[in-house]
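Take a look at the chain below. Then work through the questions that follow it.

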Amino acid sequence: MTYTDPRSYLYQPGLLDPDAAQRLTREALKACDDGELYLQYSATESFGFDDGRLKMADYSTGSGFGLRGVSGEMTGFSHANDMSEAAIRRAGETLKLLDPAKDQPAPPPRRNNRHLYTDGNPLELVPFAQKVALCQKIDAAARARDPRVAQVSVSLSGSWTVVEIVRADGFVATDVRPLVRLNVSIVAQDGDRRESGNYGFGGRYLYDKLFEDHEWEHAIDEALAQALTNLRSVAAPAGEMTVLLGPGWPGVLLHEAVGHGLEGDFNRKGSSVFSGKIGQRVAAPGVTVVDDGTMLNRRGSLSIDDEGTPTQENVLIEDGILRAYMQDRMNARLMGVEPTGNGRRESYAHAPMPRMTNTFMRGGNDDPAELLSRVKNGIFAKSFGGGQVDIVSGKFVFSCTEAYLVKDGKLGDPIKGATLIGDGFTALNNVTGIGNDMALDEGVGICGKAGQSVPAGVGQPTTLVSALTVGGTAG
């Protein structure tokens, strides 16, 4: 296979070259504190297999730039899908509306990033027919598992993105980002009752792992087990009770209810429940929350963020004490701290803001079985679906996709229709047990903020919360 320089997708003869990009950026940002020219090319594909047939196959490419200038607390931003000198020069006119900067320009990002994933393009390495055949194989295998399988849906997706950050001070950084994902959804039917189960996995690697038999077989097993469990479910109880949260994906509750409140922009503006609490206790002893964008091949990882800052491990809460916030460059500068590698954007058409990467609670010393034995009357929440969160106050409502009654330390019937209601600050302080089984999710997370979506990772150990409000339908 002939190797093509990924930068060739950003710079086209007669339109734009690297020298011109640097020259135009210097001209546009000469009166600014900070900012960058962000160039991006992306190719994406997705396959949807449903009811035993291929229902959707999509492939698209796109490219463009975003030009941002920062002066104090003011930001000027312009973008276009025309990557040419003329378009960038026109975009630079927007930045003339900013007041001239009064301080020295911010220094460039440090250069100590690590390469966390392959440069390879997953979309080009596996033929179209093989991707369709994989979906067919998964569909057939799932239907053969159990006569109660009524419907199978398989989705396969991948993307390959090339980004380059060009700064007025001569700093240039390039990142090539692969991302793949496989999801299996199964509907099981017993008589007139139908219930569903879902499982997905992925990360910043090539399609190879998704095509390994034991990987997609495991996805079928997990989705089917959840669907069959839900066929036995009874109505969920309601009221305040003890809740045992499972390891891995249930960390999405931590991500939403706590993580957003630890992002720098909300805290600089004083609108987060965690504002002004650095050095104070905000969680029960033993609770340590980390955001780490440096984990190899993980969905939320980045070698550099979308401002060129290397990602890093950020300990946000340590043994219950608030230690730091997640920062992009602008909020870090205005708060007098260092950027943490959390400046992220959905695409070239969006300005960066503080965002999470892989956010999780570290494991403790408790045996998960022992934690279960402590629950006299409550529920065990193994998996979550959708939820609603006020990202300023941390108040949340999350629906459980797989949960069980717990009575006198023993798992009981699976329950349907359970929701968890509370706020992140109170929930953190009600943690009374932390398992030694910390796990990250399987690589399916998508984080939304201010209209932008980015891939993210979550995780946690089995966690015992002494009191949460459970919404249910049982009488």
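Predicted model: local features only at pLDDT ≥ 70, side-chain atom pairs only at ≥ 80, totals over all residues.

Residues are numbered from 1 along each chain as its sequence is written, and side-chain values use heavy atoms, with hydrogens and water left out.

Q: How far apart are the end C-alpha atoms of residues 239–472?
A: Helices (H or I, at least four residues) and strands (E, at least two) are DSSP runs, numbered from the N terminus. Over residues 239–472 the chain is 14% helix and 39% strand. The end C-alpha atoms lie 8 Å apart.

Q: Is T359 buried or exposed?
A: T359 sits in strand β14 (residues 358–361). Buried means under 20% relative accessible area, exposed over 50%, and partly exposed in between (1.4 Å probe, protein chains only). T359 has 1% relative accessibility, so T359 counts as buried.

Q: Which residues is T359 in contact with, leaving aside its neighbours within four places in sequence?
A: Contact means heavy atoms within 4.5 Å. With those neighbours set aside, the partners of T359 are V289, V290, D291, G457, V458 and G459.

Q: How far apart in space are T359 and H255, C-alpha to C-alpha?
A: In sequence, T359 and H255 are 104 residues apart. In space, C-alpha to C-alpha, the distance is 6.3 Å.

Q: What is the bridge partner of L245 in β15?
A: Two strands pair if DSSP finds at least two bridges between them. β8 (residues 239–245) has five of its seven residues buried. β8 pairs with strand β15 (residues 377–389) in the parallel sense over four bridges. In β15, the bridge partner of L245 is A381.

Q: What is the bridge partner of L245 in β24?
A: β8 and β24 run antiparallel, and six bridges join them. In β24, L245 is bridged to T463.
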